[in-house]
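Take a look at the model below. Then follow the report from strand to sheet to ring.

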Amino acid sequence: VQLVESGGGEVQAGGSLRLSCEASGSIFSINEMTWYRQVPGLQRELVATITDDDSTYYADSVKGRFTISKDNAKNTGDLQMNSLKPEDTAVYLCNAKIVTIGGMFDNDYWGRGTQVTVSS
């Protein structure tokens, strides 16, 4: 199983970006998908989670600005980021709990991340 993020880039404060996470391989189901972000020297921060029943959770710092979604048929997930601030600058990583074909339980998988830079 492989996760690949895309959609990062540089944007001015107040702008928007849409990140995507595509899972590939012998996937039976994606139970949960989470976006994290990492700034060098700081602890990795959970940004948003969407569960298998489409329940969502957001960090207070992004609530009302970011929206997480997923498409079970395509094995993809998105993070729509609006009203971006310089403090949103980070590497954004996709994490998914995936049950593989023939598997009984889900396992954690990570993408390599995509850089988001917000300039003031």
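Which residue stands opposite Cys21 in β3? Glu5 does. This is a predicted model: local features need pLDDT of at least 70, side-chain atom pairs count only at pLDDT 80 or more, and totals for chains, interfaces and linings use all residues. Residues are numbered from 1 along each chain as its sequence is written, and side-chain values use heavy atoms, with hydrogens and water left out.

**The sheet.** Strands here are DSSP runs (E, at least two residues), numbered from the N terminus. β1 and β3 run antiparallel, joined by 5 bridges. Two strands pair if DSSP finds at least two bridges between them. An open sheet of 4 strands has the order β1-β3-β8-β7, with antiparallel pairing. β1 (2–6) and β7 stand at the edges with a single partner strand each, so one side of each has no neighbour in the sheet.

**Around Trp110.** The search of the whole structure finds 1 aromatic pair. Tyr36 and Trp110 form this tilted pair. Rings of Phe, Tyr and Trp (its six-membered ring) pair if their centres lie within 6.5 Å; planes under 30 degrees apart count as stacked, over 60 as edge-to-face and the rest as tilted. Tyr36 lies in β4 (27–38) and Trp110 in β10 (107–110), 74 residues apart. The charged end of Arg44 sits over the Trp110 ring (CZ of Arg or NZ of Lys within 6 Å of the ring centre and within 35 degrees of the ring normal).

| Partner of Trp110 | Distance |
|---|---|
| Tyr36 ring | 5.0 Å, centre to centre |
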